[in-house]
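Subject: Structure handover

Hi,

Here is the structure for your files. My notes follow below it.

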Amino acid sequence: MVREGGPQVSAALLEVTGITKRFGGFVALSDVSLALRAGERLGIIGPNGSGKTTLINCIAGALRGDAGSIRFDGVDVTRWPAHRRAQIGIARSFQLPRPFASMTLAENVAVPLEYVAHRHSLHRADVGAEARDLLRKMGLQAKADALPAALTQVDLRKLELARALAARPRLLVLDEVMAGLSPAEVDEVLGIVLDLSSEGVTIVMIEHIMRAIMKFSERVVCLDAGRILAQGTPQDVVRDTGVQKVYIGD
Amino acid sequence: MRMGRWKIFFAGAIAVLGGALLLAWFVDNEYFFFAGYVVLQFVVLATAWNILGGYAGYVNFGSGAFFAAGAYTAVALVKAFDAPLIIQLVAAAGVTGLMGFAVGAMTLRLRGIFFSIATVAIAVICETVVLNWGYVGGARGATMVQPAAPAGFATYARLLFVAMALIAVLAVALARYVEISWIGRGLRALRDSEEAAESAGVPTLRLKLLAATLSGALMGLAGAPFPLYMSFIEPTSAFSLNYAVSALAMPIIGGTASWIGPVIGALLLGSAQQLVTVTLSSELNVLVLGVLLVAFVVAAPDGILGLARKWSGKAVRR
Amino acid sequence: MSFELLGDAIVAGVLLGCFYAAVSVGLSVAFGLLDVPQIAHPAFLVLGAYGAYALNRIGIDPLLAGALLTPAFFVAGLAVHRFYHAVFESRGSDAGLRGLAFFFGIAFIVEVALILAFGVDQRAVDAAYIGKSFALGEMRLPLRMLVAFGVALLLTVVLTLYLSGTFTGRAIKAVAQDEGALALMGADPVRIKRWAFGIATGTCALAGALLIIVTPVEPGLGRLYIGRTFCVAVLAGLGSMPGTLVAGIILGIAESVVLTSFGASWAPAVAFGLLLLVLAVRPAGLFGR
């Protein structure tokens with residue numbers, strides 16, 4: 001069982017150092033440090049309001065921390081806007097899916113293809129075929145020309161995944177991508193995520209569904225009130241008395 | 001397929017320009033050019049508005065200010081250097097493009113409504129400046145003398161009519177390019193969700209600034225020939241609310257999803273206005289425009305374009 | 001500018017500023033707290049002013065007229081919000097653009113309807129306190145400004161107390177912070193918002209009466225007040241009532257100083273200039289959340 005800090009991995013893909021984020025008087029993240037090696041699968045758990053989503057927002061660039069730094073692949077990206085981080089390989093999903101509502105699924109996936117994967121080709125090569133390939137990988141090929149409004153919850157999550165993948169991520173950050181899904185659907189999405197991992201993508205996953213966290217994670221971090229309460233192997237973390245206190249109460 | 005469509009569009013553009021030239025040679029009725037010029041001017045304004053408003057979802061309430069700034073740039077250049085028309089046009093586009101960029105840089109980081117209010121602010125500030133600027137006529141206005149008509153044109157107004165047709169074709173071509181290229185896809189993405197667009201690698205602020213600059217520049221182009229065309233300019237008519245409302249109502253009524261929407265809206269409403277102003281009071285005329293705007297926003301958010309798609313049985317895609 | 005002139009400008013500015021706060025409190029609620037893009041607020045103000053004008057012509061005091069019209073404006077506000085919510089808010093996507101265009105269209109229709117009904121000429125009201133002035137040492141203060149100042153202060157204070165002291169008022173503030181939490185407490189957020197929007201619109205009747213007491217009105221005046229009201233509401237920090245009063249006074253003083261030093265023709269640009277400055281430098285406003 002390891003508390004605060006954990007073993008430092010050299011040649012980390014992502015290094016979060018001392019990130020602090022306040023909203024008015026409320027401290028959402030307090031001096032959080034975290035390192036990920038390439039190819040790792042990290043699960044983040046913690047009660048509602050513990051700062052999980054804020055941490056993801058700071059990593060992906062939707063928010064900027066008040067203090068601390070973030071390095072990705074050796075580059076300091078602390079002050080970079082979100083789109084630049086996406087362009088160097090940090091992709092994310094949103095807790096509440098945010099599809100581009102006026103575009104078909106194929107067009108949704110085409111956006112990151114044009115703005116990340118093919119942004120250096122002069123006319124942004126026709127990305128339609130590639131978008132359809134990605135949708136096929138998610139089992140959405142039949143709905144490629146539908147609008148997101150026509151999708152079920154699980155399909156919306158898959159669209160979020162497809163759009164994140166289209167950005168050819170080296171680090172994929174998933175924010176409760178399985179919330180509200182049936183057990184069978186959880187297994188389906190988990191399968192997709194594990195496949196990605198085996199292709200070498202580093203993945204951070206926030207999740208409340210413990211079964212998924214236990215199966216997915218090589219390492220688990222538990223956040224509480226903006227601090228890292230515990231981290232270690234999934235088995236160690238669930239056995240941690242502090243973690244049990246937070247989850248079950250005294 | 002995309003190339004094929006380009007060819008059709010290009011042929012259409014040539015046809016419009018050729019048609020305008022032929023009309024300028026063969027039509028006798030001078031009123032035709034007056035009305036035609038105004039309609040084309042609205043095509044430019046509506047198309048310009050739609051680049052930012054329709055594609056990116058940022059509502060400009062101050063189109064009148066951009067229009068007037070273009071017009072007064074032309075006036076100042078004529079007063080100072082007796083500058084030729086082409087210089088007036090280029091300078092006007094530069095000034096109002098810069099204006100669009102500046103308003104954008106100030107407010108496009110914020111929520112959409114702040115941009116909208118800032119455009120109202122720009123309109124009042126510009127009008128106040130012009131009212132107090134004696135050099136371009138101040139509140140009394142300024143008289144402009146049309147140069148002699150060049151060879152091939154019976155009157156100078158006909159040259160301006162052809163020039164406005166050229167500007168309209170240019171504006172529509174530009175809007176169409178923005179729409180079908182990666183720029184348009186990025187703008188639509190950020191209209192749907194800025195956060196999701198950013199995380200998909202779209203540089204949202206840069207794209208919005210680009211759209212604001214293009215949109216502003218085209219509005220200035222629409223206004224630049226106005227003083228010469230009217231032979232007179234004064235702040236009240238140059239900053240008329242009618243431009244601001246039309247620039248926004250025409251695309252919304254025509255349909256904001258595609259470049260053809262503003263063109264349809266401007267052609268229909270612009271021509272209707274020309275016919276109706278003669279018979280009805282101009283207040284009633286703009287009242288009808290306002291009521292139509294609200295009716296479409298409420299009942300047919302995809303405009304005439306959306307209605308047409310619905311009726312022709314195709315799914316409304318946007 | 002001499003010291004005395006500056007002093008006069010500041011006193012006049014404070015009076016004017018409280019009036020600006022009164023015409024903006026409704027917007028602070030509708031836009032600041034409820035997040036409705038109420039660009040038609042100034043048009044409703046002008047409508048209220050014309051209502052007071054119409055009643056004044058049959059011999060009713062403009063302030064009384066404003067008070068009499070308040071319930072009608074309140075009900076109209078309820079209706080507008082019910083419609084706005086059903087058509088735009090509950091549908092989500094694209095609500096921003098369409099909501100703005102909707103209120104812009106409403107403002108435009110109100111303006112043109114007023115032109116058709118009353119013409120483009122300026123209109124003014126008669127009352128015992130209009131036209132007289134009050135001497136304060138060397139300077140003369142128009143009595144109507146003092147009346148407007150008093151009523152404006154009263155309106156702003158009453159609204160402030162209502163929002164912080166009553167259950168409904170606190171619910172309105174809560175709905176601005178966190179809709180979900182309010183729903184958990186058993187209150188219906190949509191009904192609360194509708195009620196608040198009704199109040200915001202109701203203030204336009206009395207504030208509109210103040211408007212026509214302070215200055216003659218014309219149908220196009222609303223556009224000028226887009227700048228003043230939004231300047232005050234944004235500078236205040238969206239939704240802050242004490243902020244609205246302070247911001248109104250800041251704008252009042254700024255305008256009156258510019259008026260004294262550069263002349264009346266520059267005054268319209270002051271509010272818009274200040275608004276742009278606030279947006280560029282501190283969009284959260286003075287008392288921002």
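The contact between chains B and C takes 33 residues from chain B and 33 residues from chain C. Two residues are in contact here if their C-beta atoms, placed from the backbone, lie within 7 Å. On the side of chain B that touches chain C, the elements giving two or more residues are α4 (85-107), α5 (112-131), α12 (241-254) and α14 (282-299) of chain B. α5(B) gives the most, with 12 residues. By class, that side has 24 nonpolar, 8 polar and 1 charged residues. Nonpolar covers Ala, Val, Leu, Ile, Met, Phe, Trp, Tyr, Cys and Pro; charged covers Asp, Glu, Lys and Arg; the others, Gly among them, count as polar.

Some ground rules. This is a predicted model: local features need pLDDT of at least 70, side-chain atom pairs count only at pLDDT 80 or more, and totals for chains, interfaces and linings use all residues. Residues are numbered from 1 along each chain as its sequence is written, while chains are lettered from A and ligands numbered from 1 in the order in which they are written. Helices (H or I, at least four residues) and strands (E, at least two) are DSSP runs, numbered from the N terminus.

Next, the A-B contact. It takes 25 residues from chain A and 18 residues from chain B. On the chain A side, α2 (82-87) and α3 (105-117) of chain A are the elements that give two or more residues. α3(A) gives the most, with 7 residues. The chain A side has 15 nonpolar, 4 polar and 6 charged residues.

Now chain B itself. Its secondary structure comes to 15 helices and 2 strands. The radius of gyration is 19 Å, close to the 20 Å that the globule rule gives for 318 residues, so chain B is as compact as a globular protein of that length. That radius is taken over C-alpha atoms, and the rule is 2.2 Å times the number of residues to the power 0.38. Buried residues make up 56% of the 318 residues in chain B. Buried means 20 or more other C-beta atoms within 10 Å of the residue's own, exposed means 12 or fewer, and partly exposed is in between; C-beta atoms are placed from the backbone. Among chain B contacts between residues at least 6 apart in sequence, 79% join residues at least 24 apart.

One helix pair in chain B: α3 (residues 63-81) and α4(B) pack at an angle of about 135°, with axes 8 Å apart. Axes are lines fitted to C-alpha atoms, for helices over the stretch in contact, and angles run from 0 to 180 degrees between N-to-C directions. The contact of α3(B) with α4(B) has 10 nonpolar, 5 polar and no charged residues.

B:L305 lies in helix α15 (residues 303-311) of chain B. B:L305 is buried, with 23 other C-beta atoms within 10 Å. B:L305 and B:G255 are 50 residues apart in sequence, yet 5.1 Å apart in space, C-alpha to C-alpha.

Last, two backbone points. A:D73 has a positive phi of about 55° although it is not a glycine. A:D73 sits in the loop between β4 (67-72) and β5 (75-76) of chain A. C:D35 also has a positive phi, near 65°. C:D35 lies in the loop between α1 (3-33) and α2 (41-57) of chain C.

Best wishes
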